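Biologist: I should like to go through this chain with you. Could you begin with its overall layout?

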Amino acid sequence: MTTTRPPRPIRSKISTMPRKQSEADQQLELYKLITEKQRIQEKLEMMERQIQQLKSRLTFVTDQIEITEQSIQNMRTVNPPSVAKKPDSPKTVAQSSNNSSNFQAFYLEY
């Protein structure tokens, strides 16, 4: 009884010799370079637009911060902060009349 091996796949031959340069190869290389240049220019323009938008937003936020701080200062001068009263000691609402229970109920304020 003989066993047969599956056939080996045919491998492509790799040549280390450079191809002969032709006009078509140069045209393709030129197309690739022009396409890359256009892509880079578009990306640069998009980034410049984003920078302008971010600067505009930063200016707006800075103005809002100043307005809010001024509003806080105005409120402090018109209405000085009042001192909060300390709550009295906890008040007993009900006490158990049963001597066997040691529980007491308290009223707590939050």
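**Layout and confidence**

Modeller: This is a predicted model. Read along the sequence, the chain follows the pattern α-β-β.

Biologist: How many helices and strands are there in the chain?

Modeller: The chain has one helix and two strands.

Biologist: Where is confidence lowest, and where is it highest?

Modeller: Strand β1, residues 91-95, has the lowest confidence, with a mean of 50, whereas α1 has the highest, at 94. The average pLDDT of the chain is 80, and 73% of the residues score at least 70.

Biologist: What should one keep in mind where pLDDT is low?

Modeller: Predicted coordinates should not be read in detail there.

Biologist: Turning to the surface, what share of the residues counts as buried?

Modeller: Of the 110 residues, 0% count as buried. The accessible surface of the chain is about 12300 Å², and carbon and sulfur atoms account for 56% of that.

Biologist: Which residues form a nonpolar patch on the surface?

Modeller: The patch consists of F60, V61 and I65, which together have about 250 Å² of accessible area.

Biologist: Where is I65 found?

Modeller: I65 lies in helix α1, which covers residues 23-78.

Note on methods
Residues are numbered from 1 along each chain as its sequence is written. This is a predicted model: local features need pLDDT of at least 70, side-chain atom pairs count only at pLDDT 80 or more; totals for chains, interfaces and linings use all residues. Side-chain values use heavy atoms; hydrogens and water are left out. Helices (H or I, at least four residues) and strands (E, at least two) are DSSP runs, numbered from the N terminus. Buried means under 20% relative accessible area, exposed over 50%, partly exposed in between (1.4 Å probe, protein chains only). Accessible areas come from the Shrake-Rupley method with a 1.4 Å probe; for residues, only the protein chains shown count as cover. Patches are made of residues with over 30% relative accessible area and no salt bridge: like charges are joined within 9 Å, nonpolar side chains (Val, Leu, Ile, Met, Phe, Trp, Tyr) within 5 Å. A salt bridge is a side-chain nitrogen of Lys or Arg within 4 Å of a carboxyl oxygen of Asp or Glu. pLDDT is the predictor's confidence in each residue, from 0 to 100.
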